[in-house]
Structure formats: structure tokens, C-alpha cells
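Please consult the sequence and the structure shown below.

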2 protein chains.
Amino acid sequence: MENFNYTQIEEAYNNIKNTVIKTPFVSSDYINKLLGSKVFFKLENLQITGSFKFRGASNKIAKLSNVQKNQGVVAYSSGNHAQAVAYASFRNNINSKIIMPNNAPKIKINNTKKYKAHVILYDPLTENRETIGEEIARNENRTIIRPYDDFDIIAGQGTAGIEIAEELSSLSINPDIYLCCCGGGGLIAGTSTYLKYKFPKIKCYSVEPEKFDDTKISLESGTIKKNIYKHNSICDALLAPQPGKLTFPINTNNLTGGLAVSDNEVKSIIPFLAEHLKTIVEPGGAVAATALLTNKVDIKNKNIVVMISGGNIDLDFFTIL
Amino acid sequence: MENFNYTQIEEAYNNIKNTVIKTPFVSSDYINKLLGSKVFFKLENLQITGSFKFRGASNKIAKLSNVQKNQGVVAYSSGNHAQAVAYASFRNNINSKIIMPNNAPKIKINNTKKYKAHVILYDPLTENRETIGEEIARNENRTIIRPYDDFDIIAGQGTAGIEIAEELSSLSINPDIYLCCCGGGGLIAGTSTYLKYKFPKIKCYSVEPEKFDDTKISLESGTIKKNIYKHNSICDALLAPQPGKLTFPINTNNLTGGLAVSDNEVKSIIPFLAEHLKTIVEPGGAVAATALLTNKVDIKNKNIVVMISGGNIDLDFFTIL
């Protein structure tokens, strides 16, 4: 924590602000009236590669040496970090190998291949992605682009917080609450650092899928805890087994608490967001909005910022009748 | 035309800029690479009430006298103008009656009722909505809020053009082409007036559904022509029978030409926009993007602005499997 503060996020933004999209920050009259509060949604599902992950990957890759760039990179990811690393590499003519679970959404595997990455599928029930990644890195001198436990990645994700703060300031809005999804915790660690710096009174909450609420139980116990049971969730982007070694101390410092939502709640909110925000959100990207809309925290008469973190959902079912 | 220019649009923006949402202006790396051009989408589907129509209705209502406000308003509309007038009235404590076809999308009828309008359904095959509206206006001393043939409405819709011009200027982009849907022609008349004022060399094209391309054939013949056949189209928002008396002279002056797209083309583009722009677009709101993506005009190496005008599509089919 003493190693990480808002200055790294501002440096990261200098590295990537001409690379990433400044994503929309939108409000819905209907939702505001429904909840009796003022809600702003940060649409990182409209980020390049369809999630915030492109910010961190772009920052990490911008900081590689030329030797490292020539030797290539390797990453493991359920899909959004995979696409982000693949595309950031492709743009910089860097060879990339990406290790993905064989049950990842088709859209994520296909996009990662489209960005010219060499995709290696593994069985998440029997194999360990970190082990595979580290072996490849060692054997081929590749740099590992970690999904969250790297200050350059956390700072990159945190740049979304700079844009949120700028939008709030231009509207003269003081935010009361920030709700953000949490897998390994990189996005919320980075963005909450910046938002707490600009708005010290803001209360930040992580939101996780039920049974994958390792950050929530770790925050409650004050020490890193693993998810106990082997379950599954439609929130494929948020299935990290435990908080990160770097992200958890930051989140312990910044967060007021942790929230959890069920898959069924998320399933009901995705069509709601399609109807009222006109936007396509993947399950993991919808958990913060789900916590908002299912009363997981008191929001009456408050100014709330909600992170919509990704939109890479298989759309086979989306047909016009 | 001599009666209408950019100054009325700037006045309208002064009236409504604190009422309407400054909607996002987004670009997709994937689409830009696919087309070999730089495309910017103006997301008016994220406007209040789900379409650009809220701009014109808000401007018209802002200009009513107190006596007119007390006597109430009446409007006829297939749905997006209906919702816009209903909600702009509701916000200003004005009583509204809205005449809608009985086959309008459920979402549009339901939202109009939700905004406390008194909805009167008519049969579009046997009844004339203008006649019904004028009779109500006469009998009840209500002001008619016309869908497009009113300079205050055209100026209101044109305010989207101010925001587009500001975004383009901040990016130092000179636009080559502007593609915009066209029903009665209010949106394209207003926005093209402002864009031609700021970027005199821009080529503006109207986009209509096939068989409802009355503006295209009217532009080609130089005089107002009606759609000849009785057809149907999924683009419920764009079924005006002929160009407006006020909008057509403006569009004749501003437009380079008219384009038409088929329902099947539109059906293929809506899921494409959901996947790549992560946004929900109704059929009528997707025709300009459809013209872009089905090569209706030469776009190679050009800077293109595409209007996404509305998102009020029935989402019964949108379920998470």
C-alpha cells in the first residue's frame, strides 16, 4: 500500500490515454426515479476489447523494454484479460501466448484468437493456469502479464477512476457510494484509490458472485481467505480463488465492505440494463448494478457510481423475432 | 429554408441543454478496422425516453406560454415522439393526450402510459392520426406537438448536431460523411443544418427502410412524393408517408442523397451492434448503421458519423440462457 497511490494511476493515464477509449458515463432518469437516488454508470463494456482489462494490459505493455517486447508475453485469463493482452500485444507487434480455460465463453476465445494470440486451452478442474503460464515464461523467456497482482496492472485499471472523477467534478457531484465488481481485485483497488484521493468521504464496496465472495470474507476476517467450496457461476470473469497479494492490502485500506449477489439476481438485471440503459453487459460486468438494484446497500437519496466492467457475453440468443 | 438556420438550433440548445442528456459519441476499433474507415456513432438511444425525440419535444414545450401549458398538449406518434412528449409534459406538469397506432411496440405504449399521458389507440389501416389529433386540439384547446413539421421541433432535434460537432472538433476530426435515419425528416434536417454550418464539405445522406424511401425518391425527383405501396417494415419509427413540408426543403438543400436498406439487412445489424458496440438499438434506430455496414455508400478511408437514433425495442426475447 505504501508502494501504491494515485500518482502511479496518473502516470499510467499518461501512458495510455491516447490508446484507450474514454468510456461513457451515463445516467438514467428512469433508474434514478425508481431508486430515489442519482446513479452514474461507467460503461467499460464499451472499452476496446469489451472490458476495462485493456487499460491495465496497455499500461503494462507500454512499460516493457524493447528486449522484453521482442521475447513476447504470456498471460492466463478466463477471457477479458486474455483479449486485452492479445490486442495490446497485436497493436505493438508483440508475440503473445494466452492460457484460457476450455469452458470460457466462445466470444472471448474467438476474439483472443482474432487478435492473433496463440491460445492454449486448459482444463480448469484438473490443471493450474499459473503453473502452465510460469513454465512457458521460463522456457521461452516471455514476460508474464498478470491479471491483477501487479502494480502496473492495478494502476492501469485505476485510470477509469480518473475519468469518473473528471466527470463527477464537471457535474459538481460529490459521490457517496462506489460499487465495483471484484474478481482478483485489480479494478476496484485502482479505481477506489483514485476516487478516495479525490473524494475522501466516498464509501467503496466490492461486489462478487455468491460463493465467490472471497474478498468479502477476507475483508471481514482481516486476512486473505480462499473460496471454500467448488461451485460454478455465470459470472465467468469473477472466479478468482482468493484476493490478490497486492490488491488485498489496498482494498482493505479503501473499502467500506464487500457485497455478494446471486446468479439469479444477475440474470434478472442483464435484461433490465438492456431495456433501461440500452447496453449489453456480461454477467461479471453486471454484479455492481445488480447489488444496486437488489438493495444490497442503502442508496436512498445518495449519489452513486456503478462500474459496468465488461460486455463480452455470447449473443447467440440475441435474435430479432 | 430561409426561415431556418443554425441560430435556431443554438437557441434550442440553450433552452434544453440542462434537460437532455449529452449522449455518448463512440468509436469501435473492430468496426474501424473492418471497414477501413473511422466511424463515430452518436448514441441517441441513450437519450432520455430512449430516443432523440426528447430533444425536440423539450424545446417545443419550453417555448409554450403558461396559458398553453395549462390547456395541455396533444401529439400523434408511432411511439418515440409519444414517449418524448409524454415525459417532457410530465416533467412540466402539463396534461398530455397521445394518439398511438394499436400495433406500436408494447415498450413504447407502456412507457408512454408510465409517463402519465392519456393514450388513445387508433387503427392505422382505417383511421387518420392527424384528423384525430386536430379534432382533440380544437375541442379541448390543446396545443399540437407535431412530430417533425415544426421549426421548434427541427431545431430541438438539431441540438444533437451541436454535440456531434463539439466532439469532432475536440478530436480534430473533419467528417466526410454523415448517415442519419429519416422518417418525417426532422432529425436529419436539424442535424445536417448544424453539421453543414460547421463542416461545409460534409456529405449528408438520409437512410430509410426500403418501400418507405419517400425522402430518397422525393430528393431524386426534386418534389415531395408519397410512398406508393402499402407495405410494412420492422422500422416502426420510420413509416411517415411522405417528407414534411418544412423538413423537405431543408433536406433538399443539405443532403447529397438518399439511401435505403431492407428489413433483413437491419435484422442482421442489430445483433452486430449488440456484439461490437454493446448497445441496444431499435430497427428504425439502426438503419444508418445498416447503410454503413452493407456498403450503401463508399466509405473507404473516410471519417463517418452515424446516428443511432433510438433503442426502444421489445426485449421479450432477451433472456440469459
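In helix α5 of chain A, the buried residues are Asn80(A), His81(A), Ala82(A), Gln83(A), Ala84(A), Val85(A), Ala86(A), Tyr87(A), Ala88(A) and Ser89(A); a residue is buried if 20 or more other C-beta atoms, placed from the backbone, lie within 10 Å of its own. This is a predicted model, in which local features need pLDDT of at least 70, side-chain atom pairs count only at pLDDT 80 or more, and totals for chains, interfaces and linings use all residues. Residues are numbered from 1 along each chain as its sequence is written, while chains are lettered from A and ligands numbered from 1 in the order in which they are written.

**Helix α5**
- Helices (H or I, at least four residues) and strands (E, at least two) are DSSP runs numbered from the N terminus.
- α5(A) is mostly covered, with 10 of its 12 residues buried.
- Its buried residues pack against α3 (53-62), β3 (73-76), β4 (96-101) and α6 (106-114) of chain A.
- The end C-alpha atoms of α5(A) (residues 80-91) are 17 Å apart, which agrees with the 16 Å that its 12 residues should span at 1.5 Å a residue, counting one less than the number of residues.
- Asn93(A), with a positive phi near 55°, follows α5(A).

**Domains**
- Chain A is assigned domain 1 (6-51 + 150-308) and domain 2 (54-144), with bounds from an automatic or database domain assignment.
- The C-alpha centres of the two domains lie 24 Å apart.
- Their contact takes 22 residues from domain 1 and 16 residues from domain 2 of chain A; residues are in contact if their C-beta atoms, placed from the backbone, lie within 7 Å.
- On the domain 1 side, α1 (6-16) and α8 (151-170) of chain A each give two or more residues.
- α8(A) gives the most to that side, with seven residues.

Methods:
Contact = placed C-beta atoms within 7 Å.
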